[in-house]
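Me: I would like to go through this chain by question and answer. Please take the local detail before the overall dimensions.

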Amino acid sequence: MVELLKNGAYLAYGNTLIEDNENAPAQLKSLGKDGISKEDAKRQTMAYSILSAHNTGSEDNLKIKFDAMASHDITYVGIIQTARASGLEKFPIPYVLTNCHNSLCAVGGTINEDDHVFGLSAAEKYGGIYVPAHIAVIHSYMREMMSGCGKMILGSDSHTRYGALGTMAIGEGGPELVKQLLCRTYDIKRPEVVAVYMSGKPKQGVGPQDVALAIIGAVFANGFVKNKVLEFVGDGIANLPIEFRNGIDVMTTETTCLSSIWITDDETKRYFDMHKRSEDYKKLAPGALAYYDGVVKVDLSRIEPMIALPFHPSNTYTIRNLIDNAGDILREVEKTATEQLDNPNIKVSLTDKITPAGIRVDQGVIAGCAGGTFDNLCAAADILAGQSTGSGAFTLSAYPASQPAYIELVRNGAAAKLMEAGVTLRTAFCGPCFGAGDVPANGGLSIRHSTRNFPNREGSKPGNGQIASVALMDARSIAATASRGGILTPATELEVEYTNPAYHFDSTVYDHRVYKGYGNAKSETELRIGPNIADWPVMSELTDDMLLKVASVINDPVTTTDELIPSGETSSYRSNPLKLAEFALSRKDPAYVGRAKEVQKFEKARENGDDNSKGELADIFTKLAAIKTDIDPMKVGVGSVVCARKPGDGSAREQAASCQKVLGGWANIAVEYATKRYRSNLINWGMLPFIFDDVDFEVGDNIFVPNVRATVEAAKYEFPAYVIKADGGVKEITLRMGELTDDERKIILCGCLINYYKDGN
């Protein structure tokens, strides 16, 4: 189904792949392309062209300015508060504030709606675009109303992906959006570009999630596309409807790539014409000879209905393989998942889903930017037309991702087909993607066309003895399973007449409900700040020396941002940094917050003028003085550190880092960082993203990093450090840190992005 070419390749005339090996020169010569250097061919990718058009820096060190931005209601308050503290006067580019995460306002009293009221007042004051709750999920609105061929969009959500519409989009933590609001730039080294070469045509019953999962399963674990741009090319793209492309594209986030871009064609043009934005279409294609740093070859005709089992989108199998080998596969998944949870009170149980009739699941959900598209729901309606989901325990809910799509489903009868079969239709809402809706019963297995199936992502609380599991599937196979009352079934095994109805976009609901204030900032408007909305606490600058106490050690192969700061009900507190910080690592290491606070008291004492060398830390400072004879205790910052093998997979939420900072965290130590965006979040909150060969530390270890400020100032990336064990032993180590831009270095020295701007940078 999927093949990787790791040596790189040339693409001639958009359709001929030439692998970069000993045969390449002769092949290039036969095409008359032997006089073009590899570097020149790299400049012929679509990604190179779009990045260059938005770059204000050098060719290799990019400083990007975006065309538009987007945030939802668990990120925009913190972003605006940060920008406001840094001198924000008005939004310099279109900034869309959507309300699709806390839109139910189901917990926390008034605080969720208080955030929405704040968002509307901010859109009025600074000149923004405000999409009320239930109208559209963030990425559907951005596709429908803000995408454009050759544009770049930045979003504070990791699934900010509009490449299938010719738009390079990137999901980042909030501070990167703050930089754009303050007319600064997004700074990265020019990324490598990997071609996704598509051929063939999907068989009936195969959907976009099946293709996406096949790709994710092939590239995630080996890091083949990590922090690179995926460029979709090949004649197979012509066989994919535009929403099919969007469904694949949005899931590229789970490969850990930086962004994506697709060739555009008449199908893309029809999309923009239909949305009355014909001017936003233009033909995009690589040049006559483009060079890619790798290739993912996808034969669409060989893709089978797929399933990603707990607890990661890359844990993929064909559904047929799972059905045929249920016992062996589910036992292995149980074992791995239980180890991943690392909770003696919880055991993942999946083999109990095996029945004489087949594998029985408890729930189905089709939702969000990946699942809730018009095409997906029409296909599900065709499968379920005249069928029943049954009156047993199995349930199926569907969330059209925008009101225009919902309206069309009502008009063409698809909504009625779904509802008659027993499907409950909801409004546009992202909750099922992060545990704020449709939480299964304890021990339940939910199949979902959504974006992620991380631990607890469905909303269970292992700390309370609960566990449920999510498996990712395409809407078509979810509907097929529903037609059999919850017995796992690939859609390719059903005889279905797919109607493929045409979509007619109607913007009336947007015209009536969306506040469009870009270019019309009303500075006199007062922000409406509810009682839960709080400013960021004061944060100190980087000290001469640093004493870190290990507050948590995570030995999992990968640590998600959900494990660093849980999603779900905690989202109600994302406008209050101190309250939200109470949830940090709560599902992974419940004792972390208490340990971090215990360390933080020493830093607060130092900031208040107390000498830590004369108190509880006297013995430690005696050892520090032996290491650095001229040490000044008043210039030794004391903070906590989290050590993990590969932290930061998944969400772009800055709170994974900011909560640690609020609790007195000064650094992370990792073997590697799962994503660029998590490392950026650490830096923007003034935390040092250290790298070490192994996480062989213990909770309670002290790590002394002398001359840390001078080392950062000198742009050096090796930090001599000393581990002081509980028994008094001292071990010298060298911590490393990847290269920093000049601005990133200054941000760390200042202590955080807010301080950086306050200092006049």
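Me: Which residues of helix 6 are buried?
Reply: This is a predicted model, in which local features need pLDDT of at least 70, side-chain atom pairs count only at pLDDT 80 or more, and totals for chains, interfaces and linings use all residues. Residues are numbered from 1 along each chain as its sequence is written, and side-chain values use heavy atoms, with hydrogens and water left out. Helices are DSSP runs of H or I with at least four residues, numbered from the N terminus, and buried means under 20% relative accessible area with a 1.4 Å probe, protein chains only. Helix 6 spans residues 138-146 and has 9 of its 9 residues buried: Ile138, His139, Ser140, Tyr141, Met142, Arg143, Glu144, Met145 and Met146.

Me: Is Gln655 buried or exposed?
Reply: Gln655 belongs to helix 23, residues 655-662. Because its relative accessibility is 6%, Gln655 counts as buried.

Me: Which residues are in contact with Gln655, leaving aside its neighbours within four places in sequence?
Reply: Contact means heavy atoms within 4.5 Å. A polar atom of the Gln655 side chain lies 3.4 Å from the backbone oxygen of Ile74. With those neighbours left aside, the residues in contact with Gln655 are Ile74, Ile565, Arg574 and Leu580.

Me: What percentage of the residues in the chain is buried?
Reply: The C-alpha trace spans about 80 × 65 × 60 Å along its principal axes. Of the 761 residues in the chain, the buried share is 64%.

Note on methods
Buried < 20%, exposed > 50% of the residue type's maximum accessible area, 1.4 Å probe, protein only. Helix = DSSP H or I, 4+ residues; strand = E, 2+ residues; numbered from the N terminus. Polar contact = N/O pair within 3.5 Å; in protein donor to acceptor, adjacent residues only side chain to side chain.
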